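Hi,

Here is the structure I promised to pass on. Have a look at it first, and then read my notes below.

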Amino acid sequence: KLGNATAKAELGRATWKYFHTVMARFPEKPTEDQQEALRSYIHLFARLYPCGECAEHFQQHLTKYPPQVSSRKVAAGWGCFIHNEVNAMLEKPEFDCSKLGAYYDCGCAEDEEAEGE
Ligand code: FAD
């Protein structure tokens, strides 16, 4: 049950892992269409997040800090920043965004090689 604090935290951890991995895999030089896809995705993600209270807070964060989608680096940096906003709200320590690097490596490097062909 999502009203349970442990379940809520578990959902959060799984979701953040996925969320940051999406950013880490976003194209380095996205097309307009890819940028619009990520922007829409983030807004829908926020609307549909299963913990209602979290969804409400996160939508407020998005209004204040709209998604930055011009490149992989920018999107990953924005994702780290917005997670830190949630960390601050929950009185959790700030994550050092300069350490993002290979933190969210999904083991999908072969996709990238294929893209380069
Ligand atoms: P988490 O915050 O889940 O982070 C998991 C791991 O990600 C960390 O251990 C660390 O390795 C890494 N990490 C930490 N910060 C960053 C960062 N800035 N960038 C990249 N990686 C990082 N819970 C509530 O109680 N109330 C809410 O309103 C709420 N809103 C949420 C909104 C969203 C969109 C999401 C995804 C979750 C929300 N949560 C909320 C859950 C909360 O953010 C945590 O996921 C949960 O409390 C578990 O925290 P944790 O300490 O295990 O680490």
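Predicted model: local features only at pLDDT ≥ 70, side-chain atom pairs only at ≥ 80, totals over all residues.

Numbering starts from 1 along each chain as its sequence is written.

**The ligand**

So which residues surround the ligand? There are 20 of them, and the closest are Gly12, Cys54, Cys80, His83 and Phe95. Two or more residues of that shell come from each of helix 1 (5–24), helix 3 (52–64) and helix 4 (72–89). Helix 1 gives the most, with seven residues. Helices here are DSSP runs of H or I with at least four residues, strands are runs of E with at least two, and both are numbered from the N terminus. By type, the shell has nine nonpolar, seven polar and four charged residues.

**The chain as a whole**

The protein chain has five helices and zero strands, running α-α-α-α-α from the N terminus. Its C-alpha trace spans about 50 × 25 × 25 Å along the principal axes.

Buried residues make up 14% of the 117. Buried means that 20 or more other C-beta atoms lie within 10 Å of the residue's own, exposed means 12 or fewer, and partly exposed is in between, with C-beta atoms placed from the backbone. Of the contacts with a separation of 6 or more, 51% join residues 24 or more positions apart; a contact is a pair of residues whose C-beta atoms, placed from the backbone, lie within 7 Å.

**The core and helix 4**

The largest nonpolar core has 12 residues: Met23, Phe26, Leu38, Ile42, Ala46, Phe58, Val69, Ala75, Ala76, Trp78, Cys80 and Ile82. Two or more of these come from each of helix 2 (32–48) and helix 4, and helix 4 gives the most, with five. A core of this kind is a set of buried Ala, Val, Leu, Ile, Met, Phe, Trp, Tyr and Cys residues joined through C-beta atoms within 7 Å. In soluble globular proteins, nonpolar side chains tend to be buried together.

In helix 4, Ala75, Ala76, Trp78, Gly79, Cys80 and Ile82 are buried, and what covers the buried residues of this helix includes helix 1, helix 2 and helix 3. Leaving aside neighbours within four places in sequence, isoleucine 82 is in contact with His61 and Tyr65.

**Some single residues**

Histidine 20 is in helix 1 and counts as buried because it has 20 C-beta neighbours inside 10 Å. Leaving aside neighbours within four places in sequence, histidine 20 is in contact with Gly79 and Tyr104. Glutamate 10 is also in helix 1, but with 12 C-beta neighbours inside 10 Å it counts as exposed.

Is glutamate 91 buried or exposed? It is exposed, with 6 C-beta neighbours inside 10 Å. Glutamate 91 sits in the loop between helix 4 and helix 5 (109–116), and has a positive phi of about 60° although it is not a glycine. Most residues other than glycine have a negative phi.

Proline 66 is in the loop between helix 3 and helix 4 and counts as partly exposed, with 13 C-beta neighbours inside 10 Å. Its C-alpha is 9.5 Å from that of isoleucine 42, 24 residues away in sequence. Threonine 63, in helix 3, has 9 C-beta neighbours inside 10 Å and therefore counts as exposed.

Cheers

Technical notes. Near = placed C-beta within 6 Å. Nonpolar A, V, L, I, M, F, W, Y, C, P; charged D, E, K, R; others polar. Contact = placed C-beta atoms within 7 Å.
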